Amino acid sequence: MASTKILDVVGIGNAIVDVLVHADDDQLDNLELTKGTMALVDENQAERLYASVGPGLETSGGSAANTLAGIAQLGGRAGFIGRVRNDQLGGIFAHDIRSVGARFDTPAATDGPSTARCLIFVTPDAQRTMCTYLGASVGLDPSDLDLEMVAQAKVLYLEGYLWDSDEAKRAFIAAAEVARAHGAEVALSLSDAFCVERHRDSFQLLVDGHVDILFANEMEITSLYKANSFDEAAEQVRGRCRIAALTRSESGSVILNGSGTHHIEPYKLGPLVDTTGAGDLYAAGFLHGHTQGMDVDACGRLASLCAGQVVTQLGPRSQVDLRELVAQHSLSQAA
């Protein structure tokens with residue numbers, strides 16, 4: 001990695017305020033929500049649901065934003081690019097992501113849809129029922145990019161959800177070209193199996209032509225290659241990018257690179273409370289280790305540790321000091 005870079009990872013993604021609340025099955029029924037699903041809602045529905053819940057945990061969210069916050073919590077130098085509106089939730093997003101140490105300079109939009117939010121109802125069995133209003137976030141376009149920030153990064157990290165918006169897709173491609181021109185690697189998270197189904201062909205082209213580091217869970221990678229099994233999908237992706245980090249929930253993860261196949265055991269640090277952000281924190285741990293010069297196995301262990309911690313609490317941001325957690329488990333910060 002070039003030592004002249006002043007940022008480790010810059011991410012581009014949907015800027016969403018996560019509103020996490022505890023709920024029971026009766027509350028979900030009263031709100032006419034289907035347990036365990038993720039539904040897109042319009043602004044009126046979002047306002048109605050937001051008004052219906054009691055006090056909750058409000059944090060800057062969105063997949064890439066969660067990853068960048070995790071990198072900052074680990075001591076990495078992180079930047080995030082995403083669109084919010086100049087409203088209350090936009091202010092909450094900006095303050096929150098900066099408060100964990102990530103750089104966020106994207107100017108707030110002065111007109112158009114309000115700031116995106118995701119209401120996450122967590123039931124006692126740790127199931128998440130999500131209602132997402134994408135609002136201002138999907139209006140991200142090339143004019144929102146801070147290309148100077150992109151040029152300063154070792155790794156440019158993109159979330160697959162961007163592929164649902166033509167404007168955001170153009171922003172993604174423009175940023176990737178700048179990153180490449182300045183010697184950076186490009187990392188991609190596939191984000192969601194349904195997102196993969198919507199864009200399978202273009203995602204395959206993207207992985208083959210532009211991506212150095214790919215993050216995907218078992219459902220996403222099997223969907224990408226229409227494979228009959230995880231093992232078949234792993235063989236399909238092998239060699240198509242420099243590193244493929246594939247998560248398998250309680251079975252840990254598998255990392256494929258030029259030196260072979262690396263099996264990473266999961267960390268079980270307490271009872272399962274909420275799986276929000278597990279994949280995002282896995283990517284945070286891996287990318288932090290990678291940009292600090294750790295080998296693939298060490299990156300995988302750090303990723304697994306971060307994911308294992310975040311599922312023991314409510315919300316996608318670690319409520320313990322991740323650097324202390326790393327020290328307690330004797331994970332080296334360098335190769």
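Two strands count as paired if DSSP finds at least two bridges between them. By that rule, β11 (residues 213-217) and β12 pair in the parallel sense over five bridges. The model is predicted: local features need pLDDT of at least 70, side-chain atom pairs count only at pLDDT 80 or more, and totals for chains, interfaces and linings use all residues. Residues are numbered from 1 along each chain as its sequence is written, and side-chain values use heavy atoms, with hydrogens and water left out. Helices (H or I, at least four residues) and strands (E, at least two) are DSSP runs numbered from the N terminus.

**The nine-strand sheet**

- Nine strands make an open sheet with mixed pairing, in the order β6-β5-β1-β9-β10-β11-β12-β13-β14.
- Its edge strands are β6 (103-104) and β14 (260-264), each of which pairs on one side only.
- Strand β1 (residues 7-12) runs parallel to β9 (residues 153-159), and five bridges join them; V9 has V155 in β9 as its bridge partner.
- Helix α3 (residues 63-73) packs on this sheet and touches β1, β5 (78-81), β9 and β10 (185-189). Contact here means heavy atoms within 4.5 Å.
- The direction of α3 makes about 165° with that of β5. Axes are lines fitted to C-alpha atoms, for helices over the stretch in contact, and angles run from 0 to 180 degrees between N-to-C directions.

- Strand β12 (residues 243-247) is mostly covered, with five of its five residues buried. Buried means under 20% relative accessible area, exposed over 50%, and partly exposed in between (1.4 Å probe, protein chains only).
- In a regular strand the side chains alternate between the two faces of the sheet.
- In β12, I243, A245 and T247 point one way and A244 and L246 the other way, and all are buried.
- With strand β13 (residues 253-257), β12 pairs in the antiparallel sense over four bridges, and the partner of A245 in β13 is I255.
- The hairpin of β12 and β13 has five residues between the strands.

**The five-strand sheet**

- A second topic is the open sheet of five strands, ordered β3-β8-β7-β2-β4, with mixed pairing.
- β3 (38-40) and β4 (57-61) stand at the edges with a single partner strand each, so one side of each has no neighbour in the sheet.
- On average, neighbouring strands of this sheet are turned by 20° against each other, direction ignored.
- Strands β7 (residues 116-122) and β8 (residues 128-133) pair in the antiparallel sense over six bridges; the bridge partner of I120 in β8 is M130.
- Helix α2 (residues 43-52) lies across β2 (16-22), β4, β7 and β8, and runs at about 45° to β7.
- Helix α4 (residues 88-99) lies across β2, β4 and β7, at about 75° to β4.

**Helices α11 and α12**

- Helix α11 (residues 278-291) and helix α12 (residues 296-310) pack at an angle of about 145°, with their axes 7 Å apart.
- In the contact, residues of α11 including L281, Y282 and F286 meet residues of α12 including C299, L302 and C306.
- By class, this contact has eleven nonpolar, six polar and no charged residues. Ala, Val, Leu, Ile, Met, Phe, Trp, Tyr, Cys and Pro count as nonpolar, Asp, Glu, Lys and Arg as charged, and the others, Gly among them, as polar.

**Cysteines**

- A search of the whole structure finds zero disulfides, a disulfide being a pair of cysteine sulfur atoms within 2.5 Å.
- The closest cysteine sulfur to that of C195 is in C118, 15 Å away, which is too far for a bond. C195 counts as buried, at 0% relative accessibility.
- C306 is in no disulfide, and the nearest cysteine sulfur, that of C299, is 11 Å away. At 1% relative accessibility, C306 is also buried.

- Most residues other than glycine have a negative phi.
- K226, which is not a glycine, has a positive phi of about 50°. K226 lies in the loop between α9 (218-224) and α10 (230-237) and is exposed, with a relative accessible area of 62%.
- S249, also not a glycine, has a positive phi of about 55°. S249 lies in the loop between β12 and β13 and counts as exposed at 60% relative accessibility.
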